[in-house]
Amino acid sequence: MNNTIELLHKHTSVRSFTNQPLTEEQRDAIFKAANQTSTSSLLQVVSIIRIADPDLRKKVMHLSFNQPYIEEAAEFWIFCADLNRNHQIAPKVDLEYIEYFLISTFDAGLMAQNALTAAESMGLGGVFIGGVQVNIAELTEVLNLPKYVIPLVGLCIGHPAGEKPGLKPRLPQSMVMFDNQYQPLDEEKLATYDQQMREYYQNRPVRAPFTVQKVKGWTDHIEDHLERAQLPFMLEYLNKQGFAKK
Ligand SMILES: Cc1cc2nc3c(=O)[nH]c(=O)nc-3n(C[C@H](O)[C@H](O)[C@H](O)COP(=O)(O)O)c2cc1C
């Protein structure tokens, strides 16, 4: 196996950081890795807001389920789908089609993952923060985001405090990757994975993400989390920002 594969195979989210800052060189290297990510038709429809100001960081933390690592991480970057740049270049194009929403959010996800992988390759750790969406309208105001820009996910980056948590088990390949045709859910394999997750959570590190603190198995997690993940105001918000109207 090469170093890249090894790195990818040992990913785990890190939620505890020392207070050591990143060097400018580390920050630049992470940014360049993210910025070189594939981008649909070279549209480059992503912007990153780096939350450097401590007061603003605290505010963003309060708006994002009060997750303490947002404040503690050396860096906190918010990845935004950004059609505003393209809109200024081509103002006559109607950007309200849902396809632009798909393109820009997909691009942002790819870019964010490359940033995290780049950070991990330097011995740093991080965790994504989807919690930035729970008060998305207020966050949009706080960050001064214009029409055609929406915050999608935050990324905490820093030096891990102590040992990184152990690998969180994933579904087996046979449940996730199919040859040629989609396959129905295999209940037996699901039960095996559920048991594996139960064992994992029994030994899990103290700092659990807010979503899974009471989880017993993966099935429980899905039942518990899916409904809580609903944000009924989201469509109206997206439309207000000029996204996904048709
Ligand atoms: C889009 C996205 C949003 C996430 N949001 C949060 C979050 O708000 N808080 C948190 O603690 N973890 C968050 N996570 C991290 C996941 O909980 C984590 O990746 C998952 O449980 C798998 O664990 P692992 O990354 O350690 O393997 C998020 C991950 C993704 C991809």
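The legends below describe close-up views of a predicted model, in which local features need pLDDT of at least 70, side-chain atom pairs count only at pLDDT 80 or more, and totals for chains, interfaces and linings use all residues. Residues are numbered from 1 along each chain as its sequence is written, and side-chain values use heavy atoms, with hydrogens and water left out.

**View 1. The shell around the ligand.** The ligand is surrounded by 16 residues, a residue being near if one of its heavy atoms lies within 4 Å, and His11, Ser13, Gln67, Gly130 and Lys168 are the closest. A side-chain N or O atom of His11 lies 2.7 Å from an oxygen atom of the ligand, while for Lys168 the distance to a ligand oxygen is 2.6 Å.

View 2. Glu96 and Lys147 form a salt bridge with their closest N and O atoms 3.9 Å apart, the term meaning a side-chain nitrogen of Lys or Arg within 4 Å of a carboxyl oxygen of Asp or Glu. Glu96 lies in the loop between helix 5 and helix 6 and Lys147 in the loop between helix 7 and strand 4, so the pair ties together parts that are 51 residues apart in sequence. Helices (H or I, at least four residues) and strands (E, at least two) are DSSP runs, numbered from the N terminus.

View 3. Arg228 and Asp224 meet through their side chains in a salt bridge of 2.8 Å, N to O. These residues are four apart in helix 10 (residues 218-228), and are therefore separated by about one helical turn.

Note on methods: A polar contact is a pair of N or O atoms within 3.5 Å; within protein, one must be able to donate a hydrogen and the other to accept it, and residues adjacent in sequence count only if both atoms are side-chain atoms.
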